[in-house]
Structures are given as C-alpha cells and as structure tokens.
Amino acid sequence: MSAEAGGIRSNLIQELFWTRTGLLLLILVVTSGASLAISSQMDSGAARNLLTAVGTGTLISAVVSFTQTLVTSKAAQKALLTPVIEESRKALKELSEEYRALDREFFPSHVFEPTAKPDPVFNQLMMQDLERTRLYCFRGFAGRYAAGRVLLSQTECELRAVLADPRDDNAISGRARYLLRNEGAEGDYDEIQTRLKEQIRIGLVGLYVARSRCSRIDVTIVSDPPLDRLELFDDSAWLTLFSNTAGVLRPYPRTLRFTESSFLYAMERAEFLRISNSKAGYHFVITPGTTRNDFLALFEKITGESLTDDGYRELEEKFHAFRREFSASAQLRS
C-alpha cells in the first residue's frame with residue numbers, strides 16, 4: 001500500500017474547480033467577460049465606462065484571487081496533507097515490521113513438501129546448519145540419519161539423540177502405521193515392525209561408528225517417542241511431520257524449518273531437553289574412547305539381544321550401505 005495522496009483532486013488546479021472557491025472564480029470570470037463584451041457593443045458614455053470598469057475590476061479580482069488561492073492551497077497542502085502522508089508512511093512501516101516479526105516468530109522460514117526420494121535442496125540446507133552448530137539434537141526413531149549426517153559433516157559437534165525403544169512394540173507403532181498407510185493395502189504390519197527394529201539396530205551401530213566425529217554422543221531410549229522427527233541446531237529447528245496424514249503420503253514427509261528467533265524453536269528445544277533429561281528413559285553416553293566391548297554391552301541392554309563380532313560387522317556394513325545410498329540420492333558429499 002502507498003501513503004501517497006492520489007485521486008482526481010490531487011492536482012492544485014483541479015482542486016480549485018472542486019470547491020466553492022473555484023465556483024466564485026468562475027462567477028468572477030463570467031461577470032468580467034460579460035461586462036467587457038457588453039461594453040464593447042455600447043456607445044461611449046458613462047454606462048460603457050461603468051461596465052468596462054466593472055469588467056476590468058472583476059477580471060483583476062479573479063486573477064488576484066486565483067493566484068492567492070494557488071499560494072494558500074499549496075501552503076495548506078504542506079501544512080495539512082504532508083504530515084498525514086508522513087504519519088501514514090510511518091504507520092505502514094511499523095505495521096510491516098510487526099508482520100515480519102510475527103512471521104519470524106510463528107511461521108517457518110522454509111517448507112519442504114513430501115517427496116518419494118530425499119530432496120537435495122532440503123538436505124544441503126540442513127547440512128549447512130549442521131556445519132555451523134555446536135550442539136546437534138536429534139529426536140527420531142532409529143538415528144541412522146543423524147549418524148550419517150555427522151559422518152558427512154566437516155566439523156565436530158556434540159550429539160544428543162532421543163530414540164525409540166526397540167523392545168517396546170508401542171514405541172514403534174506410530175512409525176509402523178505411517179509406513180503401512182504409505183504402502184497401502186499390500187503392506188504387512190508385522191513385516192514393517194521387523195524392518196523398523198532392524199533400522200534401530202543399524203542406527204545404534206551407526207552412532208557408534210560416528211563417535212569419532214563428536215565430542216560425545218548422549219543417547220536416550222524412550223518407550224513413547226513423539227511421532228514427528230526433530231533435528232535441532234544452534235540456529236534452526238527442523239520438524240518432519242510423520243503425524244501429518246492429510247494429502248498424499250510419501251516416504252519423506254512434509255518438513256518445516258524454523259529459525260532460532262521463532263516461538264517454535266524455543267518450544268521444541270524445551271521439550272527435547274525435558275525428554276532427554278527425563279528419568280523415565282534409559283540414558284547412556286558414547287565417546288571416542290568407547291570400546292567395541294563397551295558398545296556391545298550397551299547394545300545388549302538396549303535391544304535385549306547379544307551381538308557378536310560378526311553380527312556387528314554385518315550391521316556396520318548395512319549402515320554404510322544406507323549412508324552411501326542416502327548421500328547419493330540427496331546429492332551430498334560421501
């Protein structure tokens with residue numbers, strides 16, 4: 001919107017003819033013209049001189065009044081209209097700044113629609129956020145993507161992850177139902193659950209492989225993880241909406257990015273810290289000094305299954321195969 005004065009009465013000359021002043025000037029001009037025209041047809045004498053004087057005086061009055069009106073109208077415009085325009089500009093500027101502040105606080109900076117394959121723009125922007133962060137918070141399902149991103153990053157960070165409990169079927173039921181809706185009538189719920197539990201095992205091994213890229217990795221295993229994936233960096237929060245079942249379902253759901261100044265960023269950070277510090281979950285730490293035997297003991301506590309060296313190597317190979325496939329499809333450096 002513009003605060004400039006406009007319309008059919010914006011011109012000073014036009015303004016004169018839309019007011020009583022303009023009507024008065026018109027009367028004076030008509031009177032002057034009529035008097036001079038009549039006097040020119042009359043014989044010399046007092047009557048002709050009188051009409052000539054009236055016409056001439058009226059014309060002079062019209063010219064003086066017209067000039068005075070122009071001067072006073074311009075002064076009035078500066079005195080009255082200009083301050084109104086400036087106040088309007090100021091009000092519009094303040095309103096625009098308020099709307100921009102609301103956008104930053106409540107609206108996402110980026111929206112990525114569901115896709116069947118990893119979106120390169122999405123992943124490259126997230127990797128830029130990861131390169132700038134000191135603390136990477138991941139709340140998801142298996143942690144495979146978090147481990148893969150850390151291995152692709154050029155910088156070192158601290159990783160805190162909240163993952164689903166593979167021993168609790170209710171912990172993976174939400175993700176299983178989402179995948180089942182995506183696969184349609186031919187999907188098998190039991191087969192999906194088995195596949196998801198395998199992904200958790202691969203993710204745990206992936207986090208152990210990525211330990212050398214992090215100062216430390218704090219992991220919390222919970223039986224009721226939120227359905228939506230959260231990836232939190234120093235200056236942004238990414239929400240992947242597995243809870244959104246509207247529209248066409250895709251393996252990679254709709255994702256929203258919020259900046260550090262947004263209300264959602266503060267809310268999700270507080271919620272993540274609440275979950276990761278909760279006494280209800282199982283907490284453990286992986287550091288660059290964690291040995292293979294230490295990890296195998298942790299793996300058995302988390303999954304309830306013992307893992308041999310051959311089993312570990314098999315899961316490690318599956319993780320690296322996942323990482324290579326993901327980095328290629330997302331067009332990231334492998």
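1. Start with a residue pair: A161 has V219 of strand β4 as its bridge partner. This is a predicted model. The strands behind the pairing are β3, residues 157-164, and β4. They run in the parallel sense and pair over seven bridges.

2. Five bridges join β4 to strand β8, residues 282-286. Here the strands run antiparallel. In this pairing, D218 stands opposite V285 of β8.

3. How much of β4 is buried? Seven of the nine residues in this strand, which spans 214-222, are buried. The strand is thus mostly covered.

4. The largest nonpolar core has 59 residues. Y136, L159, L163, L204, F284, F295 and Y312 touch the most other members. Helix α7, residues 189-209, supplies the largest share of this core, with nine residues. Another core lies apart from it and has 15 residues, among them C137, L230, L241 and I275.

5. L159 is then in contact with Y136, F138, V150 and L207, among others. The list also includes C214, R216, I217 and D218. One of these, D218, is the residue that stands opposite V285 in β8.

6. Now the charged pairs. The structure holds 18 salt bridges. One of them joins E191 to R195, with the closest N and O atoms 2.8 Å apart. Both residues lie in helix α7. They are four residues apart, about one turn of the helix. E191 counts as partly exposed, at 39% relative accessibility. R195 also counts as partly exposed, at 28%.

7. R201 forms a salt bridge with E305, and the closest N and O atoms are 3.6 Å apart. R201 lies in α7, while E305 lies in the loop between α9 (292-303) and α10 (309-329), so the pair ties together parts that are 104 residues apart in sequence. Is R201 buried or exposed? R201 counts as buried, because its relative accessibility is 16%, and the cut-off for buried is under 20%. E305 is partly exposed, with a relative accessible area of 37%.

8. A further salt bridge links two helices. The side chains of D309 and R292 meet at 4.0 Å, N to O. D309 is in helix α10 and R292 in helix α9. The two are 17 residues apart, and the pair links distant parts of the chain. D309 is partly exposed, with a relative accessible area of 40%. R292 counts as partly exposed too, at 31% relative accessibility.

9. Some salt bridges share partners. Which residues do they join into one network? The members are E198, R201, E305, E314 and K318. The R201 and E305 pair of point 7 therefore belongs to a network as well as tying together parts 104 residues apart in sequence.

10. Last, a backbone detail to check. Q331 has a positive phi of about 60° although it is not a glycine. Most residues other than glycine have a negative phi. Where is Q331? This residue lies in the segment after α10. Q331 is exposed, with a relative accessible area of 54%.

Key: Residues are numbered from 1 along each chain as its sequence is written. This is a predicted model: local features need pLDDT of at least 70, side-chain atom pairs count only at pLDDT 80 or more; totals for chains, interfaces and linings use all residues. Side-chain values use heavy atoms; hydrogens and water are left out. Buried means under 20% relative accessible area, exposed over 50%, partly exposed in between (1.4 Å probe, protein chains only). Two strands pair if DSSP finds at least two bridges between them. A nonpolar core is a set of buried Ala, Val, Leu, Ile, Met, Phe, Trp, Tyr and Cys residues joined through side-chain atoms within 4.5 Å. Contact means heavy atoms within 4.5 Å. Lists of a residue's contacts leave out its neighbours within four places in sequence.
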